[in-house]
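Subject: Structure handover

Hello,

Here is the structure for your work, with the sequence alongside. My notes on what was found follow below.

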Amino acid sequence: MILEMKVPSPGESITEVEIAAWLVEDGDYVEKDQAIAEVDSDKATLELPAEASGTITLKAEEGDAVDVGAVVCHIDTSAEKPEGGAAPKVEAKEETPKKESAPAPQASETKTYATGSASPAAKKILAEKGMDAGSIKGTGKDGRVTKEDAVKAVPSMGTPTGGSRGTSRSKMSMLRRKVAERLVEAKNTTAMLTTFNEVDMSPIFELRKEYKETFKTKHGVSLGFMSFFTLAVVRALKMYPAVNSMIDGKEMISYDFCDISIAVSGPKGLMVPVMRNVENLSFRGVESEVKRLAIRARDGQITVDEMTGGTFTISNGGVFGSMLSTPIINPPQSGILGMHNIVERPVAIDGKVEIRPIMYVALSYDHRIIDGKESVGFLVAVKEALENPIELLMDNDVKKALEL
């Protein structure tokens with residue numbers, strides 16, 4: 001019996017997928033539920049399991065875009081499993097005679113002039129530049145290369161003078177294409193503005209220095225910066241609910257919960273998994289969830305559901321060394337906070353110059369529903385919480401907040 005395997009729907013609204021990689025070869029014997037292919041949707045990479053045991057015949061190539069429900073392979077369920085687990089070989093196909101390639105067209109001959117037909121000054125200039133007088137058409141008597149000819153022949157700044165000039169072309173994955181479309185959509189459909197501020201990270205540095213080892217020993221995760229920033233964002237979202245809203249047609253939808261998307265880099269490109277109901281998470285809860293989602297993104301296990309439904313996004317470009325950026329809103333959300341690297345900078349403290357670890361932060365927001373007062377107030381609230389975490393994020397009880 002020949003079983004037709006069709007592409008299952010990876011999620012709502014997804015109508016097309018791409019065959020990222022076949023994990024088996026044409027003619028292999030496959031077991032039921034064995035992963036036979038990696039399939040890219042516009043949101044995640046999924047594994048396609050065999051629906052039955054038998055010999056497989058592939059009906060699509062790697063890189064092909066296929067509709068959900070389309071047949072991508074056949075499985076002959078009547079085939080017996082080969083002894084020793086070796087897959088039956090596919091009958092060799094008769095080779096199609098190769099067409100003789102037409103001889104490459106010969107480059108048109110370029111008229112050259114004798115190397116000796118150059119003035120001493122011209123020879124010196126050309127020698128310094130590694131050029132041959134024979135490749136230059138002289139304007140002097142009897143075609144002699146003059147000094148002016150040599151000067152003009154010297155390549156200008158930026159003109160290639162040897163070295164590799166190769167190019168390559170590769171197809172963008174469906175995930176990368178979808179990310180590109182969403183970024184362009186965000187730029188074209190929102191009234192996006194960005195406001196900036198700076199944060200003195202000294203208080204957080206001191207807390208981490210004192211408690212990070214105890215925290216990691218007890219909870220099995222590091223006390224990083226993301227928990228401080230995430231909880232500071234939750235506090236600010238409660239103070240400025242318009243930032244935790246989005247536009248739907250002519251209506252504005254506001255949320256009484258905080259589902260925070262975090263931008264992480266995965267093997268297939270940028271992914272934005274979501275932490276649910278962060279308003280109910282502690283420092284330990286945030287750090288554990290960040291670690292879990294980062295590992296799943298790295299291993300290509302993130303599902304569509306895990307990347308759907310965020311109400312606000314945090315992006316940390318600082319891990320790559322970014323000093324400052326204008327992050328792009330993750331539609332249909334209305335705001336995104338950009339974190340950056342931490343650099344020791346001189347700042348004025350009580351009339352004196354001190355060296356402090358400073359981070360620049362940026363909030364990009366949709367000005368259609370978030371006013372300047374709200375956006376600036378939101379970012380100031382984040383700054384205040386980060387510069388006074390014991391009072392504003394830990395209720396003046398560090399050990400209780402860190403569950404130590």
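Thr308 is partly exposed because its relative accessibility is 33%; buried means under 20% relative accessible area, exposed over 50%, and partly exposed in between (1.4 Å probe, protein chains only).

Some conventions. This is a predicted model, in which local features need pLDDT of at least 70 and side-chain atom pairs count only at pLDDT 80 or more, while totals for chains, interfaces and linings use all residues. Residues are numbered from 1 along each chain as its sequence is written, and side-chain values use heavy atoms, with hydrogens and water left out.

Confidence: the mean pLDDT (the predictor's confidence in each residue, from 0 to 100) is 83 for the chain, and 86% of the residues reach 70 or more. Over residues 86-115 the pLDDT is below 50, and this stretch has 20 contacts in the model beyond near neighbours in sequence. Contact means heavy atoms within 4.5 Å.

Overall: the chain has 9 helices and 18 strands. Of its 404 residues, 40% count as buried. Among contacts between residues at least 6 apart in sequence, 64% join residues at least 24 apart.

Helices: α5 (residues 225-239) has 15 residues and spans 21 Å from first C-alpha to last, close to the 21 Å expected at 1.5 Å a residue. The expected span is 1.5 Å times one less than the number of residues. Since 11 of the 15 residues of α5 are buried, this helix is largely enclosed by the rest of the structure. The buried residues of α5 include Phe228, Phe229 and Leu231. Helix α6, with 16 residues, reaches 23 Å, close to the 22 Å expected. Among the buried residues of α6 are Phe283, Glu287 and Glu289. Gly300, which follows α6, has a positive phi, near 70°.

Salt bridges: a salt bridge is a side-chain nitrogen of Lys or Arg within 4 Å of a carboxyl oxygen of Asp or Glu, and by this rule the count comes to 11.

- Arg284 and Glu403 form one at 3.1 Å, N to O. This pair links distant parts of the chain, with Arg284 in helix α6 and Glu403 in the segment after α9 (398-401), 119 residues apart. Arg284 is partly exposed at 34% relative accessibility, and Glu403 is partly exposed at 26%.
- Arg368 and Asp366 form another at 2.7 Å, N to O. Arg368 is partly exposed, with a relative accessible area of 46%, whereas Asp366 is buried at 2%.
- Lys383 pairs with Glu387, their closest N and O atoms being 2.9 Å apart. Lys383 and Glu387 are 4 residues apart in helix α7 (residues 372-387), so about one helical turn separates them.
- Salt bridges that share partners join Glu289, Arg292, Arg296 and Glu306 into one network.

Strand β12 (residues 260-266): this strand contains Ala263, which is partly exposed with a relative accessible area of 24%. Leaving aside neighbours within four places in sequence, Ala263 is in contact with Leu270, Met271, Val272, Ile314 and Ser315.

Regards

Terms used. Helix = DSSP H or I, 4+ residues; strand = E, 2+ residues; numbered from the N terminus.
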